[in-house]
Amino acid sequence: FGVASTVCSQWLAGATAAGLAGVGGIAAAGAGSGLAIASRVGPTELPQTVAGFHSLVGAAAVATAVGEFLHLAPLGLLTPVSIGAIVAATYLGAITTTGSLVAFGKLNGALGSAPVSLPKRNLVNALLSAVSLWAAARMMRSPTLAVGRAALAACTAASLFVGAHATLAIGGADVPVVITCLNSASGWALCAEGFMLSSTLLTTVGALIGFSGALLTQDMCVAMNRDIGSVLFKPLKTNEGGSCEVKSYAPHTETSADALAERLLSAKSVVVVPGYGLAVAKAQYAVAEIASKLRARGVKAQFAIHPVAGRMPGQLNVLLAEAGVPYDIVLEMEEINDELPETDVVLVIGASDTVNSDAEDDPGSAIAGMPVIRVWEAGNVCVLKRSMGSVGYAGCDNPVFYNENTDMLLGDAKASCDALNAALA
């Protein structure tokens, strides 16, 4: 849409063939770069890739705002509306740029997932955000090139810091929410660009992205029993609550692929709960084959997807659809929880936080209050997990793994599913 808007606006403004060719060349180079990056991205890298691309949207908004200012200021064409749009695009674009880069680092493992911030972070961010209001007021009062440069530079620097600082302070299971929030911010930055360039297309598309990102953020917050205010602004607590304490549990029980296969074949109903570990292991085809074999033997096999399973909304749904799992046997958390007490076996593959009973039982847990899939209510729980030393993205161990009705099949999820398939043959 941005490319189409640029080409159309230049054509309507009477751009020369050489100018349009230049735009076309830049667009081709960008398309080639995007295609090259996307072709190397697998399903597990999709969340951080989305965050990385969001940073480019933010950077483009800042560059466009600065360019428009440098174009209008010498001509004396700055108006209160154009100044407001320029400052808004700069503020939202800069926050999106650094916020998305930090989110990329957290999801990619380059940065730790634990929250990091300065003392009184909300006050610091509020004061720095106020610089944007000062910049707009200063430019409106004196719309000259010299004054505008200084004000816009201050706005850009302050906003870049706010984006990085605000995102660094968000950790654990809240990080996926930040992606959708930044998606919304990128839309509003695009909308501000539309006002700035008098482009109805950019304004409309930006509003669509902004609203859809906001709605998706709200849906994720509801799924985690959180509100966006607590995610973005809740002060960090170092010594009270919100932590994952090291607890002592009874020894876990391990099983084998052959024993698990026998249990699945003797069951009347099986529910498979996939998590991010399944995506990492690329085990979606193997688990789809397991479900197909069970259904062929008369076993009622279904899948249960938590709203925030994986690190991006819908990531697990896409993987299962790619593997050919019928849509009608993929159920949401609200649909499956009532069936679990009557379920014989639940097969958990690479999930932890979304099936953690501490969310309901431990008020001091970092995921306290988050709705989860109550797998522990089933007759038997079988968990495919790489090792007992690994924890979920929130950093919490899972007491379900140590219950009497839980058996652990340790190892790579793909290898375990392949072995299970062989045993079911």
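Residues are numbered from 1 along each chain as its sequence is written, and side-chain values use heavy atoms, with hydrogens and water left out. Because the model is predicted, local features need pLDDT of at least 70 and side-chain atom pairs count only at pLDDT 80 or more, while totals for chains, interfaces and linings use all residues.

Side chains of opposite charge can pair when their charged atoms come close. The structure holds 6 salt bridges (a side-chain nitrogen of Lys or Arg within 4 Å of a carboxyl oxygen of Asp or Glu). Among them is the pair Arg263 and Asp407, with the closest N and O atoms 2.2 Å apart. Arg263 belongs to helix α10 (residues 257-266) and Asp407 to strand β6 (residues 406-410), so this pair ties together parts that are 144 residues apart in sequence. Helices (H or I, at least four residues) and strands (E, at least two) are DSSP runs, numbered from the N terminus. Asp407 is buried, at 9% relative accessibility. Arg263 is partly exposed, at 32%. Here buried means under 20% relative accessible area, exposed means over 50%, and partly exposed lies in between (1.4 Å probe, protein chains only).

A salt bridge also joins Glu360 to Arg374, where the closest N and O atoms are 2.8 Å apart. Glu360 sits in helix α15 (residues 358-361), and Arg374 in the loop between α15 and β5 (380-385), so the pair ties together parts that are 14 residues apart in sequence. Glu360 is partly exposed, with a relative accessible area of 39%. Arg374 is partly exposed too, at 28%.

Asp412 and Arg386 form another salt bridge, with 3.1 Å between the closest N and O atoms. Asp412 lies in the loop between β6 and α16 (413-424), and Arg386 in the loop between β5 and β6, so parts 26 residues apart in sequence are tied together. Asp412 is partly exposed, at 27%, whereas Arg386 is exposed, at 56%.

The backbone angles come next. Most residues other than glycine have a negative phi. Ser198 is not a glycine, yet its phi is positive, at about 55 degrees. Ser198 lies in the loop between α7 (175-197) and α8 (200-223). With 66% relative accessibility, Ser198 counts as exposed. Lys282 also has a positive phi, near 55 degrees. This residue is found in the loop between α11 (276-281) and α12 (284-296). Lys282 counts as partly exposed, at 46% relative accessibility.
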